[in-house]
Amino acid sequence: MNYGYACINETLSSVPKKLRVTTNRSMIKRTFLKEGLTRADELALKNVLDLEKILKWNEQNDIKFYRMSSDIFPWASEYDYKDLPNISTIRRVLNRVGLYAVNNGHRLTFHPGPFCCMASPKQSVVDKTYTELNNHSRIFDMMGFPPSHYNKINIHVGGTYGDKDATAKRFVQNFNNSGGLDKSCKMRLTLENDDKASMWSVKDIYEKIYSKTGVPIVFDYHHHRFCTGGLTEREALELAASTWPAGITPVVHVSESRAVEQGDPKIRPQAHSDFIERQVNSYGQAHDIMLECKKKELALLRLREATTDG
């Protein structure tokens, strides 16, 4: 079992700007339209170099699980990576980072944003989703990772659009579309359960999508509290774990309610807490645990210490 954190390293980024280590450098649209590939190239190179620094910090602190930022290549949907002026250098750095991850047993993953809607009834949205997901997969390709769910690209199904069955059917059709996702991307894609009762539970995803596509399910403990699908936590966890290929450790997400943590009922109960106070009950199963709390690696270190002390 590995604990992981997502994207931002608070220790390395909460310092004076000149010393800041981050993979989230981007720019506003006006700047991109003005400076284009030259600026995107400059920021991407800085981001991948800092990705290497973050992994080395993780290694020093015995953290082997990390979610990479989707902002490594700013405005990536607007160009092809090969058109960047210094793409050869960027590729070399990414390949070096990939080798470092493999040699040190680090698991790296992605979680693109909610704008990725494979089941949208709008073809323009689906096409943008294809571009976004393929771009993420091509980063893993540049890192030298073979296509598998070990280095996963996780998304939500998206809305239900008033009809879960029809939405699930569109997802399956769009997933299978030969002109859509790259083959390597399909082999990395996973789906996560939602945090609203009207949305996608583990049971929904299993019965309506996994059974027809084989896309594994990432179980989110916090989301399940609001969208059970009639299953207990243990039942949903075990059902999600059963969807993962043999030999690949399933991933789960863990967070807690910020409303409870802050003692403020005005806060949306689904909002994520700063820290994790409760130990994770894996019900005897092996998982890699991604912490989705706001204090990132600081929360991970604190929870790991508390778990060890306990």
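Colleague: Which cysteine sulfur is closest to the sulfur of Cys293?

Modeller: This is a predicted model, where local features need pLDDT of at least 70, side-chain atom pairs count only at pLDDT 80 or more, and totals for chains, interfaces and linings use all residues. Residues are numbered from 1 along each chain as its sequence is written, and side-chain values use heavy atoms, leaving out hydrogens and water. Cys293 is buried, at 2% relative accessible area (buried is under 20%, exposed over 50%, partly exposed in between, with a 1.4 Å probe and protein chains only). The closest cysteine sulfur sits 13 Å away, too far for a bond, and belongs to Cys7.

Colleague: How many disulfides does the structure hold?

Modeller: A disulfide here is a pair of cysteine sulfur atoms within 2.5 Å. Take Cys116, which is buried at 2% relative accessibility. Its closest cysteine sulfur, in Cys117, is 7.4 Å off, so that's too far for a bond. The disulfide count for the structure is zero.

Colleague: What phi does Lys296 take?

Modeller: Most residues other than glycine have a negative phi. Lys296 is found in helix 11, residues 296-309 (helices are DSSP runs of H or I with at least four residues, strands are E runs with at least two, numbered from the N terminus). Lys296 is also buried, with 17% relative accessible area. Though not a glycine, Lys296 has a positive phi of about 50°.

Colleague: And where is Asp62 found?

Modeller: Asp62 isn't a glycine either, yet has a positive phi of about 55°. Its place is the loop between helix 2 (29-60) and strand 2 (65-67).
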